[in-house]
Amino acid sequence: MNTTSTPALPSAPSVWAPPRLSRRWWPVFLRNLLVWRKLAIPSLVGNIAEPLMWLVAFGYGMGALVGQVSMSTPQGTVAVPYILFLASGSICMSAMNAATFEALYSAFSRMHVQKTWDGIMNAPVSLDDVVLAEMLWAGFKALFSVTAIMVVMLALGISHSPKLLLAWPVLLGVGITFSCIALVFNALAKGYDFFTYYFTLFLTPMLFLSGVFFPREQLPAAVRHLSDWLPLTNAVELVRPLFMDQWPERPWLHVAVLLVYTVGGFWLALALTRKRFAR
């Protein structure tokens with residue numbers, strides 16, 4: 001009697017396994033850069049036109065009515081010109097929007113519509129490296145956009161604080177954070193219409209709760225405590241003092257919150273994307 005048993009086949013790795021990353025993300029990133037170079041000027045105009053219109057319309061228009069905004073700082077309550085208050089918040093909004101649009105619409109086109117990801121993975125490039133490259137590419141697009149906006153703000157004389165040099169890497173981190181969150185919804189989407197839920201139910205309310213357009217002290221206490229943990233709130237709390245030539249209060253707390261969103265968002269996005277490609 002033959003008692004030889006058939007060896008068990010190795011089980012497929014879990015979609016929740018830690019990211020398996022390598023340097024092969026770089027060619028994917030470079031591929032996106034080379035394609036984008038052909039559309040760099042229209043892309044730049046599209047990414048900076050809207051925030052600049054917000055800045056001019058509200059900063060100078062409403063700013064003439066509002067005048068100055070009272071803000072609580074570690075040095076006490078200070079009066080800040082509304083144009084400076086709005087500029088320091090809207091540049092964070094610009095980083096969020098640029099990274100979000102790239103990680104949603106453009107990444108979805110490459111993943112689902114154009115099947116670019118499938119073609120890339122015919123080479124020795126893993127899905128994990130593709131998702132990492134998309135995340136970093138969206139962060140770079142955000143940095144490129146906010147750099148152009150910051151140059152315009154400097155030309156307008158809104159702020160000349162030398163601490164703005166530190167705002168540059170912070171805004172790169174903000175772009176990466178929101179690209180990770182957006183990639184979660186990219187993995188869940190069946191079509192472009194699905195992204196409306198993300199903008200309507202998450203991004204738009206967050207814009208009005210994070211202190212971009214008015215001080216959060218105007219919010220009810222319960223809502224203000226909730227807004228303390230929103231990623232855009234922590235981005236604004238890091239960047240706005242730098243525009244005012246001051247140091248952020250509790251910077252490590254704000255950085256820690258953004259890191260939690262970044263790491264958690266990337267891991268969840270990677271798991272959902274693995275699950276999608278395993279079907």
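User: Is α3 mostly covered or open, and how many of its residues are buried?

Analyst: Start with the term. Buried means under 20% relative accessible area, exposed means over 50%, and partly exposed lies in between (1.4 Å probe, protein chains only). In α3, 27 of the 32 residues are buried, so the helix is mostly covered. Helices here are DSSP runs (H or I, at least four residues) and strands are E runs of at least two, numbered from the N terminus. This is a predicted model: local features need pLDDT of at least 70, side-chain atom pairs count only at pLDDT 80 or more, and totals for chains, interfaces and linings use all residues. Residues are numbered from 1 along each chain as its sequence is written, and side-chain values use heavy atoms, with hydrogens and water left out.

User: Where does α3 bend?

Analyst: A bend is the angle between axes fitted to the seven residues ending at a residue and the seven starting there. α3 bends by about 30° at A107. Just after α3, K115 has a positive phi of about 60°.

User: How many salt bridges are there?

Analyst: A salt bridge is a side-chain nitrogen of Lys or Arg within 4 Å of a carboxyl oxygen of Asp or Glu. That rule gives seven. One of them pairs R110 with E134, with the closest N and O atoms 2.7 Å apart. R110 sits in α3 (residues 82–113) and E134 in α5 (residues 127–155), 24 residues apart, so the pair links distant parts of the chain.

User: Are R110 and E134 buried or exposed?

Analyst: R110 is buried at 10% relative accessibility. E134 is buried too, at 2%. Shared partners join E102, R110, E134 and K141 into one salt-bridge network.

User: Which residues form salt bridges with R216?

Analyst: D228 is one partner, its closest N–O distance to R216 being 2.8 Å. D228 lies in the loop between α8 (221–227) and α9 (231–243), and R216 in the loop between α7 (195–209) and α8, so the pair ties together parts 12 residues apart in sequence. E237 also pairs with R216, at 3.7 Å. E237 is in helix α9, 21 residues from R216.
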